[in-house]
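Please look at the sequence and the model below before reading on.

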Amino acid sequence: MTFSWPTRFWRSRRAFRPLLTLLAVLFALTALPLPVLARDLDPGQSSVQPYLDRVAEQVSEFTLDNGMTFIVMERHQAPVVSFMLYANVGAVNEEDGQTGLAHYLEHLAFKGTTRIGTRDYEAEQPLMVEMDAVFDQILAAEAAGDEATAAELRSQLEALQAEAREYVEQNKYGQIIDQAGGRGLNATTSADATRYFYSLPSNKLELWMSLESERFLDPVFREFYEEKDVILEERRLRVDNSPIGKLIEVFLEESFEQHPYQRPVIGYQADLYNATRANVERFFYQYYGPNNLIATVVGDVDPVEVKAMAEAYFGRFTARSLPGDVEITEPPKLPQGFHPDPTVPALVSGGLPPTWHYPPRSPHLRHDRGHFGEWPHRPLL
């Protein structure tokens, strides 16, 4: 017996549209204090369902001709609007040997465009091409064991970075949002999705439409090698120098045998170091088509105006064919003959007890020399 752990569910637009609609409703609810909820309830009414129904009535949805979906919720309590752009791609879509690309892209999406974040793109662009060529030579020299040549090339790369830095307006994207009164600019990467979000005054709706459409229509992944260092340091901080981070990484590796969920979302150190700008660009053009994006807009907005602006700005995107769904057949983890009741909550756990406390004493334990020395591994249930 095997079970299939497909991400088809998450890649299905029918599946994650209701989920995002629910998130929009919950976002609105969490923004309200409890006294407001209580005030809206009729005397003697113990259920919040009528209130939830009224909130749901404020949610509308539309899809552009290129396949991009918008979910809009009106909330006129304050002149603020919050946005999230949901990309239906995450670490699970990465190929072996190229882990961390989804996370790379999350970082680089804030670097601007051919017009934002640069003082002179025509002068900056050839330097990026030259840096990429030098980095390819560094990888080749390191693979050949020629450390002298690699060291010389690293110095050359650093000089090119310094030259390119003269044309970069650092954090220009964030500065524009801050100056417009924006708050909460951030993004997250998970195994199945990447999310970009922030809030603006409601009279800045068109600014969001312009900025978001530009950064995914005309992205420039500048400061790539500086960001490579940032991401490698992030991995050292969160995983390599963190007992909990390392434990979680090893636990997932032991839990899955074939499914991409066994790989860390942040990526493996070697893959992060070897990643090239071309790798990230290829990943972007594979998965960031408009038919793989959903935008949620919650706040003091008019859905009709949102749709008109979305058609003007995001309607410029051309739909792309997407890679096939990720489907992996994962070997079963449950003991033979065990049939769990799907109606009963279950807890998945695992452990690596020290041998001197719990010596192997059953055929269900195997003795391995693994990540932490010599440990008995109990099957994960």
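## Starting point: Tyr285

Tyr285 is found in helix 13, which covers residues 277–287. Helices (H or I, at least four residues) and strands (E, at least two) are DSSP runs, numbered from the N terminus. Tyr285 has a relative accessible area of 45%, so it counts as partly exposed. On this scale, buried means under 20% relative accessible area, exposed means over 50%, and partly exposed lies in between, with a 1.4 Å probe and protein chains only. Tyr285 and Ser321 are 36 residues apart in sequence, and their C-alpha atoms are 9.9 Å apart in space.

The model is predicted: local features need pLDDT of at least 70, side-chain atom pairs count only at pLDDT 80 or more, and totals for chains, interfaces and linings use all residues. Residues are numbered from 1 along each chain as its sequence is written, and side-chain values use heavy atoms, with hydrogens and water left out.

## The sheet

Strands of a sheet pair through backbone hydrogen bonds, either parallel or antiparallel. Here, six strands form an open sheet in the order 2-3-7-4-6-5, with mixed pairing. Two strands pair if DSSP finds at least two bridges between them. The edge strands, each pairing on one side only, are strand 2 (59–63) and strand 5 (183–189). From one strand to the next, the twist averages 15 degrees. Axes for such angles are lines fitted to C-alpha atoms, for helices over the stretch in contact, and angles run from 0 to 180 degrees between N-to-C directions.

Helix 9 (residues 205–217) lies across strand 3 (69–74), strand 4 (80–87), strand 6 and strand 7 (293–299), and runs at about 155 degrees to strand 6.

How much of strand 7 is buried? Seven of its seven residues are buried, so the strand is mostly covered. In a regular strand the side chains alternate between the two faces of the sheet. In strand 7, Leu293, Ala295, Val297 and Gly299 point one way, while Ile294, Thr296 and Val298 point the other way. Strand 7 pairs with strand 3 in the parallel sense over six bridges, and Met73 has Val298 as its bridge partner there.

Strand 4 and strand 7 run antiparallel and are joined by seven bridges. Met84 has Thr296 as its bridge partner in strand 7, and Tyr86 stands opposite Ile294. Strand 4 is also joined to strand 6 by eight bridges, again antiparallel, with Leu85 opposite Tyr196. Seven of the eight residues of strand 4 are buried, so the strand is largely enclosed by the rest of the structure.

## Aromatic pairs

A pair of aromatic rings is described by the distance of the centres and the angle of the planes. Rings of Phe, Tyr and Trp (its six-membered ring) pair if their centres lie within 6.5 Å; planes under 30 degrees apart count as stacked, over 60 as edge-to-face and the rest as tilted. By this rule the count is 20 aromatic pairs. The pair of Phe83 and Tyr198 is tilted, because the ring centres are 6.2 Å apart and the planes stand at 55 degrees. This pair links distant parts of the chain, with Phe83 in strand 4 and Tyr198 in strand 6, 115 residues apart. Both Phe83 and Tyr198 are buried.

Phe284 and Tyr288 form a stacked pair, at 5.2 Å centre to centre and 25 degrees between the planes. Phe284 counts as buried because its relative accessibility is 1%, and Tyr288 counts as buried at 1% as well. Ring pairs link Phe284, Tyr288 and Tyr285 into a cluster with Phe110, Tyr173, Tyr196, Phe216 and Phe221.

Which part of the chain holds Arg215? Arg215 is in helix 9, and its relative accessible area of 1% means that it is buried. Arg215 lies over the face of Phe110, at 4.7 Å from the ring centre. A charge sits over a ring if NZ of Lys or CZ of Arg is within 6 Å of the ring centre and within 35 degrees of the ring normal.

The side chain of Arg215 also reaches the backbone oxygen of Ala109 at 3.3 Å. Leaving aside neighbours within four places in sequence, Arg215 is in contact (heavy atoms within 4.5 Å) with Ala109, Phe110, Thr113, Tyr173 and Tyr196.

Conventions: Polar contact = N/O pair within 3.5 Å; in protein donor to acceptor, adjacent residues only side chain to side chain.
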